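Student: Could you walk me through reading a structure like this one? I'd like the general idea each time, then the case at hand.

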Amino acid sequence: MAQIGQTEVCAPRSVQVWRALVDWLSFFCHIIVQIVRGAPSLAQILSYVGVRFPLLASSGSSFKPLPVSELPLHQFSATKVSSLSGVDVGGTQDRPLEKITVVLDLDETLICAYETSSLPAVFRTQATEAGLNWFELECVSSDKEYEGKPKVSHVTVFERPGLHEFLRQAAEFAELVLFTAGLEGYARPLVDRIDSEGRFSLRLYRPSTVSTEYREHVKDLSCIQSDLSRIVIIDNNPFSFLLQPLNGIPCIPFSPAQPSDNQLLEVLLPLLKRLALEKDVRPVLYEKFHMPEWFQIHGIP
């Protein structure tokens with residue numbers, strides 16, 4: 001009787017073990033197939049192991065909304081989104097539209113920065129060989145050293161491929177705003193360097209962010225303009241725009257390990273050009289990213 005009892009207990013465990021093994025083998029086979037077809041993006045690899053994120057596809061110029069399987073049963077009404085502006089979105093337009101406002105994050109969206117002292121020299125060499133632009137910069141911190149003098153930090157900054165051309169083209173049809181959660185002492189000289197042409201009409205730093213019960217350093221777009229129908233924010237951290245999820249464009253984080261990154265010119269710029277023709281950007285962005293549902297899934301109503 002004891003042996004029978006053990007068999008009854010062990011059998012289902014063995015089945016579970018075999019199922020787990022099969023799942024892992026399937027996972028690795030999937031990875032191998034992706035490698036054969038072309039190197040997978042970080043977002044794709046994360047999705048394979050169950051980390052879901054509304055990131056932009058790095059392998060092409062199309063945007064992918066959240067998988068339908070992740071959406072809750074009670075979806076945000078697309079009809080409600082279309083009626084937000086009180087105008088006929090899409091269709092013919094009676095008068096020329098003013099420039100769209102594009103709010104851009106800094107770190108891991110336009111650039112990637114490291115403390116120079118902690119960055120191996122070979123890292124810069126490899127980035128140069130891969131064709132990435134980078135520079136070193138002195139930033140004055142708000143922290144004071146023991147003698148009362150400002151603390152100076154030395155950082156190495158890597159530019160996202162296509163950065164300057166992206167800013168040049170976007171400035172032709174959009175008002176560009178820099179909105180970073182970084183401190184001004186760090187971010188201001190950095191932005192001076194990447195925006196020597198003065199294409200940003202406004203720069204906002206950490207003091208302009210707000211704290212909510214869900215996240216700190218949230219970027220409230222209403223501090224830029226009250227009419228949200230023609231303003232978008234691009235950020236690698238979607239929680240930055242949780243107050244206006246219908247205006248957000250989540251992008252893949254940039255690092256110098258991705259020298260072939262094409263997000264700015266081949267993914268983001270075409271979308272912005274399309275949005276610039278819309279009277280209200282929110283219905284289009286909702287259809288592409290379903291951000292209200294994504295926040296609901298993450299416990300933010």
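Student: Before that, what should I know about the model and its numbering?

Tutor: This is a predicted model, where local features need pLDDT of at least 70, side-chain atom pairs count only at pLDDT 80 or more, and totals for chains, interfaces and linings use all residues. Residues are numbered from 1 along each chain as its sequence is written, and side-chain values use heavy atoms, with hydrogens and water left out.

Student: How many salt bridges does the structure hold?

Tutor: The general idea is that side chains of opposite charge can pair when their charged atoms come close. Here a salt bridge means a side-chain nitrogen of Lys or Arg within 4 Å of a carboxyl oxygen of Asp or Glu. By that rule there are ten salt bridges in the structure. One of them joins the side chains of glutamate 136 and arginine 124, at 3.8 Å from N to O. Glutamate 136 is in strand S3 (residues 134-144) and arginine 124 in helix H4 (residues 121-129), so this pair ties together parts twelve residues apart in sequence. Helices (H or I, at least four residues) and strands (E, at least two) are DSSP runs, numbered from the N terminus.

Student: Is arginine 124 buried or exposed?

Tutor: Go by relative accessible area: buried is under 20%, exposed is over 50%, and partly exposed is in between (1.4 Å probe, protein chains only). Arginine 124 is buried at 14%, while glutamate 136 is partly exposed at 43%.

Student: Which residue forms a salt bridge with aspartate 261?

Tutor: That's arginine 160, with the closest N and O atoms 2.9 Å apart. This pair links distant parts of the chain, 101 residues apart: aspartate 261 is in the loop between strand S8 (248-250) and helix H7 (263-275), and arginine 160 is in the loop between strand S4 (150-159) and helix H5 (163-173). Both aspartate 261 and arginine 160 are buried.

Student: What about a salt bridge inside a helix?

Tutor: An α-helix has 3.6 residues a turn, so residues three or four places apart point the same way. In this structure, glutamate 165 forms a salt bridge with arginine 168, the closest N and O atoms being 2.6 Å apart. The two are three residues apart in helix H5, and are therefore separated by about one helical turn. Glutamate 165 is partly exposed, at 30% relative accessibility, and arginine 168 is partly exposed too, at 34%.

Student: Now the rings. How many aromatic pairs are there?

Tutor: Rings of Phe, Tyr and Trp (its six-membered ring) pair if their centres lie within 6.5 Å; planes under 30 degrees apart are stacked, over 60 edge-to-face, and the rest tilted. The count comes to eight aromatic pairs. In one, tyrosine 114 and phenylalanine 158 sit edge-to-face, 6.0 Å centre to centre with 80° between the planes. They link distant parts of the chain, tyrosine 114 in strand S2 (residues 111-115) and phenylalanine 158 in strand S4, 44 residues apart. Phenylalanine 158 is buried at 0% relative accessibility. Phenylalanine 158 also forms a tilted pair with tryptophan 134, at 6.5 Å and 40°. Tyr114, Phe123, Trp134 and Phe158 form one aromatic cluster.

Student: Which ring does the charged end of arginine 215 sit over?

Tutor: A charge sits over a ring if NZ of Lys or CZ of Arg is within 6 Å of the ring centre and within 35 degrees of the ring normal. For arginine 215 the ring is phenylalanine 239, 3.8 Å from its centre. Arginine 193 likewise lies over the face of phenylalanine 135, at 4.3 Å from the ring centre.

Student: Where is the kink in H7?

Tutor: A bend is the angle between axes fitted to the seven residues ending at a residue and the seven starting there. In H7 a kink of about 35° lies at leucine 269, shortly before proline 270. The buried residues of H7 include Leu268, Leu269 and Leu271.

Student: And the strands?

Tutor: Two strands pair if DSSP finds at least two bridges between them. S1 and S7 run parallel, joined by four bridges, with leucine 104 opposite isoleucine 234 in S7. S7 also pairs with S8 in the parallel sense, over three bridges. Five of the five residues of S7 are buried, so this strand is largely enclosed by the rest of the structure.
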